[in-house]
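This briefing covers fold, surface, pocket and contacts in turn. The chain is shown first.

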Amino acid sequence: MSPQQIVAVLSRLLAVWLANHLPGQAYQIVFASNPSVDWSMTVFAVIGFVVELSVSLALWFFPLVVARNLLRSEERPPPASSDVWLAMGCAVIGLWLLCTSLPALVIDAFVLGSTLNVSGAEVALSTWLILGATGFRKVFWWARTAGISKSVD
């Protein structure tokens, strides 16, 4: 798969994600504001809805155009090793976990005043995944090859 095809697939995934969150965002903005008091929030919601919908449609229908504009270089980089892909995957999973657990940690700490066991552990795990996760990679590669004897020539 070429880099342009990968970017095209990712742009379609982003389009689906945007379209999935669009109704909920519009609902929250429209019903959280009181239109009889402040029309500017409703206008802002409509403009945001139209912009996000147009970006989502553009990413869905023109992913190769987006990929070509993002990847203008003619040079092909050398293929990355599987260890680099695993490290990048760990970092992305850690970033996703951090984005979902950090707001929960803040809400637990300041709003609810409850204990920070689960949220704190998730933030620690996500930070570990983002900053390297060399231990996780070693365990992964060990588990993948455990029980397989090396062939003797």
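Why does Phe49 count as partly exposed? Phe49 counts as partly exposed because its relative accessibility is 33%, where buried means under 20% relative accessible area, exposed over 50%, and partly exposed in between (1.4 Å probe, protein chains only). The model is predicted: local features need pLDDT of at least 70, side-chain atom pairs count only at pLDDT 80 or more, and totals for chains, interfaces and linings use all residues. Residues are numbered from 1 along each chain as its sequence is written, and side-chain values use heavy atoms, with hydrogens and water left out.

**Fold**

- Six helices and zero strands make up the secondary structure of the chain; helices (H or I, at least four residues) and strands (E, at least two) are DSSP runs, numbered from the N terminus.
- Read from the N terminus, the order of elements is α-α-α-α-α-α.
- The chain has 153 residues, of which 18% count as buried.

**Nonpolar surface patch**

- Val16, Val46, Phe49, Val50, Leu53, Leu57, Trp60, Phe61, Phe62 and Val65 form a nonpolar surface patch of about 910 Å².
- Patches are made of residues with over 30% relative accessible area and no salt bridge; nonpolar side chains (Val, Leu, Ile, Met, Phe, Trp, Tyr) are joined within 5 Å, like charges within 9 Å.
- A salt bridge here is a side-chain nitrogen of Lys or Arg within 4 Å of a carboxyl oxygen of Asp or Glu, and accessible areas come from the Shrake-Rupley method with a 1.4 Å probe, with only the protein chains shown counting as cover for residues.
- Helix α2 (residues 39-61) gives the patch its largest share, seven residues, and Phe49 lies in this helix.

**Second largest pocket**

- The second largest pocket holds about 300 Å³ of space, and its lining consists of Leu10, Leu13, Leu14, Trp17, Val92, Leu95, Trp96 and Cys99.
- Two or more residues of this lining come from each of α1 (3-32) and α4 (82-112).
- By class, the lining has eight nonpolar residues, no polar and no charged; Ala, Val, Leu, Ile, Met, Phe, Trp, Tyr, Cys and Pro count as nonpolar, Asp, Glu, Lys and Arg as charged, and the others, Gly among them, as polar.
- A pocket is an open set of points on a 1 Å grid over the protein atoms alone where a 1.4 Å probe fits, with protein on both sides within 12 Å along at least five of seven lines; lining residues have an atom within 4 Å of a point.
- Grid points are joined across faces, edges and corners, and a volume is the space filled by probe spheres set on the points.

**Residues paired across the sequence**

- Trp17, one of the lining residues, sits in helix α1 and is partly exposed at 40% relative accessible area; its C-alpha is 8.5 Å from that of Ser56, 39 residues apart along the chain.
- Ala19 is also in helix α1 and counts as partly exposed, at 40% relative accessibility; Ala19 and Leu53 are 34 residues apart in sequence and 6.9 Å apart, C-alpha to C-alpha.
- Ala67, in helix α3 (residues 63-70), counts as buried because its relative accessibility is 0%; Val9 is 58 residues from Ala67 in sequence and 9.2 Å in space, C-alpha to C-alpha.
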